[in-house]
Structures are given as structure tokens and as C-alpha cells.
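This briefing covers one protein model, with its sequence and structure shown below. The points after the lead sentences are grouped by topic.

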Amino acid sequence: MHSEFMHGRITLIGCPKLDNVDYSEKLTEIIKTNDIKSVTIVRMEVPCCGGLEQAAKKALQQSGKFIPWQVITISIDGKILDK
């Protein structure tokens with residue numbers, strides 16, 4: 001996980017199920033106020049992780065910036081499903 005997705009990058013980690021917050025507002029401000037080149041959302045295949053993906057999409061839209069982004073889905077046993 002670290003060598004493929006985190007090394008040399010800024011990483012934000014969250015769990016919509018356990019944190020019970022809307023990440024989109026904070027992510028929007030982070031995107032607006034920083035020179036971000038791209039966004040990669042790494043999420044598990046479980047339904048609750050869809051909240052991270054939705055929050056990131058909403059934040060990118062609300063930021064008013066055009067930033068390349070991608071979603072990578074990891075299975076519950078650690079395999080990359082979608083890249």
C-alpha cells in the first residue's frame with residue numbers, strides 16, 4: 001500500500017462509517033487552497049467506502065478546479081480490483 005499509493009504523495013485517510021462526517025467540505029477547502037496536481041482515491045470494495053469516493057467527487061466539483069483523478073478499488077483480501 002505504502003510503496004504503490006502513498007510514497008512521495010500527501011495522504012488523507014478516513015472511514016465514512018466510523019467517522020460519521022461529511023468529508024466533502026474539508027476536501028473542497030484543501031483542493032481550493034493548494035496546488036494539487038491529481039487525486040487518487042483508494043477505497044475498499046465494501047459499500048461504506050463509497051462515501052469517500054462520493055465526497056472526493058463532490059469536493060472536486062465544488063472546488064471549481066479541473067484536476068485529473070482516479071479511483072482504485074481494493075478487495076477485502078488486499079487485491080487491486082479496479083485501476
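**Helix α4 and its surroundings**

Directly after α4 comes glycine 64, with a positive phi near 80°. This is a predicted model, in which local features need pLDDT of at least 70 and side-chain atom pairs count only at pLDDT 80 or more, while totals for chains, interfaces and linings use all residues. Residues are numbered from 1 along each chain as its sequence is written, and side-chain values use heavy atoms, with hydrogens and water left out. Helices (H or I, at least four residues) and strands (E, at least two) are DSSP runs, numbered from the N terminus.

**Helix α4**

- Helix α4 covers residues 50-63, which is 14 residues, and its first and last C-alpha atoms are 20 Å apart, close to the expected 20 Å at 1.5 Å a residue. The expected span is 1.5 Å times one less than the number of residues in the helix.
- The buried residues of α4 are Gly50, Leu52, Glu53, Ala55, Ala56, Ala59, Leu60 and Ser63. Buried means under 20% relative accessible area, exposed over 50%, and partly exposed in between (1.4 Å probe, protein chains only).
- An α-helix has 3.6 residues a turn, so residues three or four places apart point the same way.
- The packing partners of the buried α4 residues are α2 (16-19), α3 (24-33), β1 (39-44) and β2 (69-74).

- Alanine 59 is in contact with Ser24, Leu27, Thr28 and Ile31, leaving aside neighbours within four places in sequence. Contact means heavy atoms within 4.5 Å.
- Threonine 28 belongs to helix α3 and counts as buried because its relative accessibility is 5%.
- Not counting residues up to four places away in sequence, threonine 28 touches Ala59, Gln62 and Ser63.

**Nonpolar core**

- The largest nonpolar core consists of 12 residues: Tyr23, Leu27, Ile31, Val39, Ile41, Leu52, Ala55, Ala56, Ala59, Leu60, Ile67 and Val71. The elements that give two or more residues to this core are α3, β1 and α4, and α4 gives the most, with five residues.
- A nonpolar core is a set of buried Ala, Val, Leu, Ile, Met, Phe, Trp, Tyr and Cys residues joined through side-chain atoms within 4.5 Å.

**Largest pocket**

- The largest pocket has a volume of about 1200 Å³. Of its 33 lining residues, the closest to the centre are Ile10, Thr11, Leu12, Thr40 and Ile41.
- On a 1 Å grid over the protein atoms alone, a pocket is an open set of points where a 1.4 Å probe fits, with protein on both sides within 12 Å along at least five of seven lines; lining residues have an atom within 4 Å of a point. The volume is the space filled by probe spheres set on the points, which are joined across faces, edges and corners.
- β1 supplies the largest share of the lining of the largest pocket, six residues.

**Loop residues**

- Asparagine 20 lies in the loop between α2 and α3 and has a positive phi of about 50° although it is not a glycine. Asparagine 20 counts as exposed because its relative accessibility is 66%.
- Asparagine 34 sits in the loop between α3 and β1 and is partly exposed, with a relative accessible area of 38%.
- Glycine 78 is in the loop between β2 and β3 (80-82) and counts as exposed at 54% relative accessibility. The C-alpha atoms of glycine 78 and leucine 60 are separated by 27 Å, with the two residues 18 apart along the chain.
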